[in-house]
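I am opening my notebook on a structure that is new to me, and I will write down what I look up as I go.

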Amino acid sequence: MTAPVAAPTAEQIEQATDTLAQLVDYLRTEPPTLDILPLLTLLLDEDDGIPMLLSDVLRAAARAVATHTEPYSSDVNSVVTTLREAATEIMQWHTLHWEVRRLARATANPAGPTS
């Protein structure tokens with residue numbers, strides 16, 4: 001049996017979203033690509049980047065709602081279904097990490113491949 005996990009506080013969630021908003025503001029200043037690559041690499045990591053984590057959050061929330069909401073109505077079912085569909089769609093974004101890798105290669109060799 002696994003040990004209980006403490007829920008993050010509302011303040012912790014707010015801090016995470018504030019950090020993402022700060023990243024948006026920074027990127028809107030159009031910094032050099034080499035400055036944003038490390039940030040994108042972390043943000044879009046194939047294992048624990050935002051797409052994977054958000055997908056996991058939505059899937060886990062759907063499971064919790066489906067398990068613990070009484071009465072289980074058509075409205076609850078609609079929410080659970082929508083959360084699961086969103087999780088699946090967001091999971092597909094995990095491939096963005098490959099695009100970041102492609103960008104890193106392109107900026108490391110701006111002239112392109114040599115023959």
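**The largest pocket**

I began with the lining of the largest pocket, and I list Ile13, Ala16, Thr17, Leu20, Ile50, Leu53, Leu54 and Val57 there. I note at the outset that this is a predicted model, and I read every entry below with that in mind. The space in the largest pocket comes to about 260 Å³. I then looked up which helices contribute to the lining, and found that helix H1 (10-27) and helix H3 (50-68) each supply at least two of its residues. Sorting the lining of the largest pocket by class, I count seven nonpolar residues and one polar residue, with no charged residue among them.

**H1 against H2**

Next I followed H1 to its contact with H2, where the two axes come within 12 Å and cross at roughly 150°. An angle over 145 degrees counts as roughly antiparallel, and H1 and H2 are therefore roughly antiparallel to each other. I recorded the crossing of H1 and H2 as left-handed. On the H1 side I find Leu20, Leu23, Tyr26 and Leu27, and these meet Asp35, Ile36, Leu39 and Leu43 of H2. By class, the contact of H1 with H2 holds seven nonpolar residues, no polar residue and one charged residue.

**H2 against H5**

How do the axes of H2 and H5 cross, and at roughly what angle? The axes of helix H2 (residues 33-43) and helix H5 (residues 96-108) come within 10 Å, and I noted a crossing angle of roughly 155°. H2 and H5 are therefore roughly antiparallel to each other, and H2 passes H5 in a left-handed crossing. The contact draws on Thr33, Leu34, Leu37, Leu40 and Thr41 from H2, and on Val100, Leu103, Ala104 and Thr107 from H5. I sorted the contact of H2 with H5 into six nonpolar and three polar residues, and found no charged residue in it.

**H3 against H4**

I turned then to H3 and helix H4 (residues 74-91), which pack at an angle of about 160° with their axes 8 Å apart. That angle makes H3 roughly antiparallel to H4, and the crossing of H3 and H4 is left-handed. The residues in contact include Pro51, Leu54, Leu58 and Ala62 of H3, and Val76, Val80, Leu83 and Ala87 of H4. By class, the contact of H3 with H4 has 15 nonpolar, two polar and three charged residues.

**Two backbone entries in the loops**

Most residues other than glycine have a negative phi, and most peptide bonds are trans. With that in mind I checked the loops. In the loop between H1 and H2 I found Glu30, which has a positive phi of about 55° although it is not a glycine. In the loop between H3 and H4 I found Pro71, and the peptide bond that joins Glu70 and Pro71 is cis, with omega at about -5°.

Key
Residues numbered from 1 in each chain as written. Predicted model: local features only at pLDDT ≥ 70, side-chain atom pairs only at ≥ 80, totals over all residues. Heavy atoms only, no water. 1 Å grid on protein atoms, 1.4 Å probe; cavity = no way out; pocket = protein on both sides within 12 Å on 5 of 7 lines; lining within 4 Å. Points joined across faces, edges and corners; volume = space filled by probe spheres on them. Helix = DSSP H or I, 4+ residues; strand = E, 2+ residues; numbered from the N terminus. Nonpolar A, V, L, I, M, F, W, Y, C, P; charged D, E, K, R; others polar. Axes fitted to C-alpha atoms, helices over the stretch in contact; angles between N-to-C directions. Parallel < 35°, antiparallel > 145°, perpendicular 65-115°, else oblique. Left-handed = near helix turned anticlockwise from the far one by under 90°. Contact = heavy atoms within 4.5 Å.
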